[in-house]
Amino acid sequence: MMSQMPQQAAVSKCPSCEEPLESGDRFCGACGYDLSAVPPRPDGHPAVAAGGAVPAPAPAPDGVDWPAARDSDGQGRPVPVHAAAELPGTDSGGSPLPPPAAPPVPPSAGVRFDRPGEPEEYPLQAPDPRLDTAAAPRSDSPAAPAPGAKVCVACRAGRVDDDGYCENCGHAQPRERDHMEQESGPVAAVSDRGLRHHRNEDAFSVGCTALPDGAPASVAIVCDGVSSATRPDDASLAASRAAGESLLTALPRGTHPQQAMHDAILAASHAVNALADEPATAREQGPHQNAPACTLVGAVVTAGLLVVGWVGDSRVYWVPADRATPPARLTEDDSWAAQMVAAGLMSEAEAYADDRAHAITGWLGADAYELEPHTASFKPDRPGVVVVCTDGLWNYAESAEEMADAMPLDAAVRPLHGARVLVGHALDGGGHDNVTVALVPFPAVPQGAGSA
């Protein structure tokens, strides 16, 4: 009879990857499995007899001989547990299933829930600085754009077609009105879409001219489209252009600046009203839409006179060059809050804290109740800067003192820089609205003078 060789004890294996383990290992050397995480043997687990036999389980109370669940690999260790996503599978046709999607990441305390809505167009990625765009084009590269033609901001090589798309890479170009800057002699203006709106509904017009006696005159018009109306961007653009052209035409003819401002507001109103004459098909598609509408504010600066005009809630501020003297606000809002204050029903702080504060009571548009252009003349006794702006700026610098604090000290000699700083102040504050501001030094500076 052959003698039986003693059986070698089974080598422990990793419950995760089945690799052999050494006695005393706390982690698997192959996959790093934490061996201390193996759950303890449950109290009801059947004991293994000395010969390796497992005693038969007691019959179930109901008399049914249920099979025992497989919770051991035969060596006294629990069977590894797999998630469904870890096991391969096939579809009904026998093809492998695609890998499962990653689970969504739960929001954390640092996630902002006040993010703006998705824009109509996504911002373009900056071109890769490692690409040598100045290198000679390959044989399959597009022909270089003609001199003066608009070049794509993404690939820096393709010509931009009339629809605003690159003929080379197909990228939609940033809309021109998202950020606009203009400098006309000593007058400058900046307009920005802001951080929350999907388009810029503001517009401006700036320019310089001369009075009949040769004295210089500076003009600034700022318009804010009414978002609840249809085509507010078209309304503000039409109004600003009409008012600016009216002033630059009337002043050299000798029209008094205050009368010229009044007439300019009427011209702007006619331009906005004309937008309501849409084709019948457009009215059928949106029969309940309001007519195009906007607000307007403007300033005319001469050698000794400052004239302001407005309809709506855009404003004009006066900031003297000597900051030791007080600044001032030169316009009164056509708004619910202003009416409450004027009627003595509420204090200014209470009125502007109300949800109805910014509901406007005057605007340009075919559905305006009654057009009442406001004009006023001032004769400042010292130099300063006239700030013409929409509520996208003054919401972040409401009082005259706050506006003066936000404006650089050298704004009179560097108006474009000053306008950029004020727009940046509104964006830093949240940029909830379109932001537009024009700066006009007082007294008027002869043409040719501008930002240093």
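This passage describes the fold, confidence and packing of a predicted protein model.

The mean pLDDT of the protein is 78. A score of at least 70 is reached by 68% of the residues. One is residues 41–54, for which the model has eight contacts beyond four places in sequence. The other is residues 102–139, with 22 such contacts.

The secondary structure consists of eight helices and 12 strands. Of the 452 residues, 36% are buried. The exposed surface comes to about 26,500 Å². Carbon and sulfur atoms supply 54% of that area. Among contacts between residues at least 6 apart in sequence, 62% join residues at least 24 apart.

Strand S1 spans residues 179–184, and Ser12 lies in the segment before it. Ser12 counts as partly exposed because its relative accessibility is 34%, between the 20% limit for buried residues and the 50% limit for exposed ones. Ser12 and Ser23 are separated by 11 residues in sequence. Their C-alpha atoms are 8.0 Å apart in space.

Helix H2 covers residues 257–274, 18 residues in total. From first to last C-alpha it reaches 26 Å, close to the 26 Å expected at 1.5 Å a residue. Its buried residues are Pro257, Ala260, Met261, Ala264, Ile265, Ala268, Ser269 and Val272. An α-helix has 3.6 residues a turn, so residues three or four places apart point the same way. The buried residues of H2 pack against helix H1 (232–250). They also pack against four strands: S5 (293–301), S6 (306–311), S9 (364–365) and S10 (374–378).

Nonpolar side chains tend to be buried together in soluble globular proteins. In this model, the largest nonpolar core has 31 residues. Val387, Met403, Leu422, Val437 and Leu439 have the most contacts inside this core. Helix H8 (residues 415–429) gives the most to the core, with five residues. A second, separate core has 27 residues, including Ala235, Ala250, Ala264 and Val300. Ala264 is also one of the buried residues of H2.

Beyond its neighbours within four places in sequence, Val387 contacts Arg315, Val316, Tyr317 and Val319, among others.

Conventions:
Residues numbered from 1 in each chain as written. Predicted model: local features only at pLDDT ≥ 70, side-chain atom pairs only at ≥ 80, totals over all residues. Heavy atoms only, no water. pLDDT = per-residue confidence, 0-100. Contact = heavy atoms within 4.5 Å. Helix = DSSP H or I, 4+ residues; strand = E, 2+ residues; numbered from the N terminus. Expected span 1.5 Å × (residues − 1). Buried < 20%, exposed > 50% of the residue type's maximum accessible area, 1.4 Å probe, protein only. Core = buried A, V, L, I, M, F, W, Y, C linked by side-chain atoms within 4.5 Å. Areas by Shrake-Rupley, 256 points an atom, 1.4 Å probe, with all protein chains shown as cover.
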